[in-house]
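Hi,

Here's the structure I said I'd pass on. Have a look at it first, and then read on for what turned up.

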Amino acid sequence: MLKSLILSNLILFAATIIEASVLSNISFLMVVPDIVLICSIYFAFLNGRLYGEISGFISGLFLDIITGVPFGLNCIIRTIMGYISGLFSQTIIVSGIIIPMTSVGIGTVAKKLLLFLVSLFFPRLSLNVYSIISYQFLFEFCANIILAPFIFKFLSFFKTQLSIRDIKDMIDNE
């Protein structure tokens, strides 16, 4: 489990760097696609609730440190997202196109709703919360669901190293 946790954290850190440093500096992008969320959802589907919570918390910690948002904001949102995604680890098969797109689309909407709830309870944080009915959200939603199958497929190449389950169990489930 420790090896898979270290590898997934390295992937999350690389995704955070790509998202915060590279994609945020591309001028024609209205909003940056959330690659870290996609990776966290994949890890939660692959390994379950506890692993989803851990990867969600660590990805939120990376984002809080690098992006400079109020400390703990991304941690709490992504921990909840990892737990919810991990609930479906035994029932959802992450191969194909439709399941990754649907799960990441639901995850993007849930992330936006959680961020909206946090902004209601803490109005002094001055969060940049755009409406769920806006071009920014639509662009982020579309970018996330388009990138989801590609990122899921890329991460599936490392499935045996990322999974905490036995290889025999993974073959029996497919």
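Before the rest, some ground rules. This is a predicted model, so local features need pLDDT of at least 70 and side-chain atom pairs count only at pLDDT 80 or more, while totals for chains, interfaces and linings use all residues. Residues are numbered from 1 along each chain as its sequence is written, and side-chain values use heavy atoms, with hydrogens and water left out. Helices are DSSP runs (H or I, at least four residues), numbered from the N terminus.

Back to that pair. Helix α5 covers residues 98–121 and helix α6 residues 135–156; they pack at an angle of about 140°, with their axes 8 Å apart. Axes here are lines fitted to C-alpha atoms over the stretch in contact, and angles run from 0 to 180 degrees between N-to-C directions. α5 and α6 are therefore oblique to each other (under 35 degrees is roughly parallel, over 145 roughly antiparallel, 65 to 115 roughly perpendicular, and the rest oblique). For the classes, Ala, Val, Leu, Ile, Met, Phe, Trp, Tyr, Cys and Pro are nonpolar, Asp, Glu, Lys and Arg charged, and the others, Gly among them, polar.

Next, α2 and helix α3 (residues 49–67): the angle is about 160° and the axes are 7 Å apart, so the two are roughly antiparallel to each other. α2 also passes α3 in a right-handed crossing. V36, S40, F43, A44 and N47 in α2 do the meeting, with Y51, G52 and S59 among their partners in α3. That contact splits into 5 nonpolar, 6 polar and 1 charged residues.

α2 packs with α5 too, at about 115° with axes 10 Å apart. L37, I38, I41 and F45 are the α2 residues here, meeting S103, V104, G107, T108 and K111 in α5.

The largest cavity has a volume of about 40 Å³, taken as the space filled by probe spheres set on the points. L37, S40, I41, S59, R78, M81, G82 and S85 line it, lining residues being those with an atom within 4 Å of a point. The largest share of that lining, 4 residues, comes from α4.

Cheers

Conventions
1 Å grid on protein atoms, 1.4 Å probe; cavity = no way out; pocket = protein on both sides within 12 Å on 5 of 7 lines; lining within 4 Å. Left-handed = near helix turned anticlockwise from the far one by under 90°. Contact = heavy atoms within 4.5 Å.
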